[in-house]
Amino acid sequence: MKIAVRIKRVPDMDVRFKIAPSGKAVDETGLKFDISDFDGYAVEAALQIKEKLNTGEVVVISLGPDVVQETLRKAMSMGADRAVQLKADAVPADSFAIASALAAELKDGAYDIVMFGRMSIDTAHGATGAMTADLLGMPVVNAISKLEFDGRTAKMRRELEGAYELVECALPVVVTIDEGIARPRYPSLKGIMAAKKKPLETKPAQLPALRLALDAMALPAERAAGRIIGEGSAVVPELVRLLKEEAKVL
Amino acid sequence: MSNNVLAFAESRGGELRRAALEAVTAARAVADARGGAVHAMLFGAPGIGAHAARLAAHGADAVLVVEHAAFAHNNPEAVVATIAAKMPGYGAFVCVASATGKDIAPRVAAACKVPCASDATAMTIAASSITVTHPGYTGKILQTLTLTATPAVVSLRPGAYLPKENAKAGTVESVAPAADPSASRVKVTETATGNTAKLDLGDAPVIISGGRGLKEAANFKLVEDLAAAFGNAAVGATRAVTDDGWRPHSDQIGQTGRLVSPDLYIACGISGAIQHLAGMRTSKTIVAINKDKEAPIFKIADYGVVGDVVEILPVLTAEVRKAKAH
């Protein structure tokens with residue numbers, strides 16, 4: 001099984017962000033970066049398939065400036081076999097442009113499965129995977145939380161709001177990965193050493209004209225500071241009164 | 001460029017979803033700004049067309065009904081092919097970013113060779129562009145994006161455009177699927193709807209959520225009792241609790257789960273990890289019950305009660321019942 005996984009480098013979210021002077025980016029000072037959450041699940045899911053079948057190749061692909069090489073090395077330290085950087089000054093907001101560049105790289109790769117996280121945790125559009133599939137003429141199943149195989153048929157589960165779908169599709173297929181599928185492993189020391197010698201190829205990203213532009217980034221208005229109204233069940237009647245008379249939600 | 005707007009009227013199990021009415025309402029806003037008409041496209045098994053009147057009541061000038069036995073299940077390939085075949089007649093496509101809408105929108109966009117604006121919480125409409133607000137970075141940063149492609153493909157965050165009655169003709173037109181739905185490469189073999197009597201987290205005006213502070217899975221009964229006392233409440237959970245299997249993954253509220261903004265959110269035994277806050281901080285009123293008064297949840301709670309949630313919940317349930325009885 002030949003599997004490609006698109007990964008994105010994103011900042012750690014557990015911080016208080018600042019906006020850069022341009023007004024169009026986050027201030028990256030002091031931020032830590034890693035593989036986007038859902039992309040990490042995708043890498044793990046791909047590695048587990050390869051390990052189970054004991055054959056195949058896992059290729060990780062990232063679009064962006066040279067700093068993404070670090071993210072690609074991380075995926076290779078987890079076990080991916082090789083990496084491709086599609087070099088661009090920045091990752092554009094235009095998902096169709098990204099998908100076009102990815103499809104150009106993937107189309108002759110003879111991949112059985114192309115994986116994406118169901119969305120990146122930073123820009124959170126969740127569009128690139130499905131668009132890449134369309135450009136490749138491949139079927140796509142979005143936001144899967146289970147993936148099994150019956151020969152060349154992929155059997156998947158997709159979470160909906162309060163419901164789920166069981167889905168089947170013959171390979172090759174593009175899938176976007178939701179959580180619940182596999183917890184990403186930590187790279188072993190051996191894995192980290194091995195990753196340094198694994199091939200990382202850099203090519204220019206073939207990005208078309210952009211038609212979705214990021215105009216500005218802003219921090220949302222802060223909620224008013226919280227208020228503790230009291231302790232223990234004795235305060236419940238007061239809570240109910242406030243919900244009724246002040247918040248008017250009862 | 002056409003000023004007309006195509007709205008995706010989402011249904012499941014033969015029923016119209018609230019997302020359908022929100023999509024029509026949002027499409028109306030785009031069409032009114034541009035002097036165009038709203039056409040709603042409704043897919044389903046034969047009989048789904050009966051819902052056309054509700055779409056008309058919310059602002060659909062025309063309802064394109066696509067009936068096929070294979071649409072009893074979700075069939076994104078045939079749905080997308082049929083929408084894409086109609087798109088040359090429209091300047092914009094609007095749907096709600098539900099699980100289904102998030103699946104459909106980028107594929108419609110790709111079929112039209114355009115980008116899409118996803119999960120928008122607001123739109124500013126100009127003659128040949130749409131500017132959207134889209135929360136990113138787990139809700140910590142608001143991105144303003146301008147879509148200059150035609151057609152403009154936009155998915156809106158559930159609740160961004162509340163259904164608004166605005167009766168239009170709603171002329172019904174029957175449309176044949178542009179691709180054979182029984183020949184789709186991706187087949188949905190089963191749709192499990194769970195307990196349909198329960199309100200979905202995206203639809204409920206009140207959400208009662210439980211976390212580790214409940215101590216054990218069985219104590220979720222206390223959360224369910226409070227939801228029942230409200231009568232219009234859904235039950236949510238933290239990631240810690242869904243990871244432990246106390247509740248299904250679909251109940252998880254947070255950065256990687258459902259993003260909700262109900263009128264009232266009651267956090268029961270939830271400390272308020274960033275992961276969780278990202279999914280509920282836009283709720284209109286937040287109540288927190290937690291035994292640790294330093295818990296981060298109290299920083300955003302309008303009303304905080306310090307104490308053991310297992311003791312407090314039955315008292316609250318009784319008080320809510322009393323208040324509701326009046």
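What share of the contacts in chain A between residues at least 6 apart in sequence join residues at least 24 apart? The share is 70%, where two residues are in contact if their C-beta atoms, placed from the backbone, lie within 7 Å.

## The model and its conventions

This is a predicted model, in which local features need pLDDT of at least 70 and side-chain atom pairs count only at pLDDT 80 or more, while totals for chains, interfaces and linings use all residues. Residues are numbered from 1 along each chain as its sequence is written, and chains are lettered from A, with ligands numbered from 1, in the order in which they are written.

## Overview of the chains

Chain A has six helices and 13 strands, where helices (H or I, at least four residues) and strands (E, at least two) are DSSP runs numbered from the N terminus. Taken along the principal axes, the box filled by the C-alpha atoms of chain A is roughly 65 × 45 × 40 Å. Of the 250 residues in chain A, 49% count as buried; a residue is buried if 20 or more other C-beta atoms lie within 10 Å of its own, exposed if 12 or fewer, and partly exposed in between, with C-beta atoms placed from the backbone.

For chain B, the domain assignment gives domain 1 (5-183) and domain 2 (206-325), the bounds coming from an automatic or database domain assignment. The centres of domain 1 of chain B and domain 2 of chain B, taken over C-alpha atoms, are separated by 32 Å.

## Strand pairing within chain A

Two strands pair if DSSP finds at least two bridges between them. Strand β4 (residues 57-64) of chain A pairs with strand β5 (residues 82-87) of chain A in the parallel sense over six bridges, and A:S62 has A:Q85 in β5(A) as its bridge partner. Together with helix α2 (residues 68-78) of chain A, β4(A) and β5(A) make a right-handed β-α-β unit; a crossover is right-handed if, with the strands pointing away from the viewer, the path from the first strand over the helix to the second runs clockwise. β5(A) is also joined by five bridges to strand β11 (residues 200-204) of chain A, the two running parallel, and here the bridge partner of A:L86 is A:K203 in β11(A).

Further along chain A, β7(A) runs antiparallel to β8(A), with six bridges joining them, and A:D150 stands opposite A:T153 in β8(A). These strands, β7(A) and β8(A), form a hairpin with two residues between them, and A:G151 in the turn has a positive phi of about 65°. Three bridges also join β7(A) to strand β10 (residues 173-177) of chain A, with the two strands running parallel, and A:V140 stands opposite A:V174 in β10(A).

## Where chain A meets chain B

The contact between the chains takes 71 residues from chain A and 73 residues from chain B. Elements of chain A that each supply at least two residues to the side touching chain B include α3 (95-106), β7 (140-150), β8 (153-160) and β9 (163-170). The most is given by β9(A), with eight residues. By class, this side of chain A has 43 nonpolar, twelve polar and 16 charged residues; Ala, Val, Leu, Ile, Met, Phe, Trp, Tyr, Cys and Pro count as nonpolar, Asp, Glu, Lys and Arg as charged, and the others, Gly among them, as polar.

In α6(A), the residues A:V236, A:L239, A:L242 and A:L243 are buried. Seen down the axis of α6(A), its buried residues fall within an arc of 120°, so they line one face of the helix, the arc being that of the directions from the helix axis to the C-beta atoms. The cover over the buried residues of α6(A) includes β13 of chain A together with β17 (285-290), β18 and α9 (309-325) of chain B.

## Backbone features

Most residues other than glycine have a negative phi, and most peptide bonds are trans. A:N54, in the loop between α1 (37-53) and β4 of chain A, has a positive phi of about 60° although it is not a glycine, and with 6 C-beta neighbours inside 10 Å A:N54 counts as exposed. A:A143, in strand β7 of chain A, also has a positive phi, near 55°, but counts as buried with 25 C-beta neighbours inside 10 Å.

The peptide bond from A:L171 to A:P172 is cis, with omega near 0°, and A:P172 lies in the loop between β9 and β10 of chain A. In chain B, a cis peptide bond with omega of about -5° joins B:T150 and B:P151.
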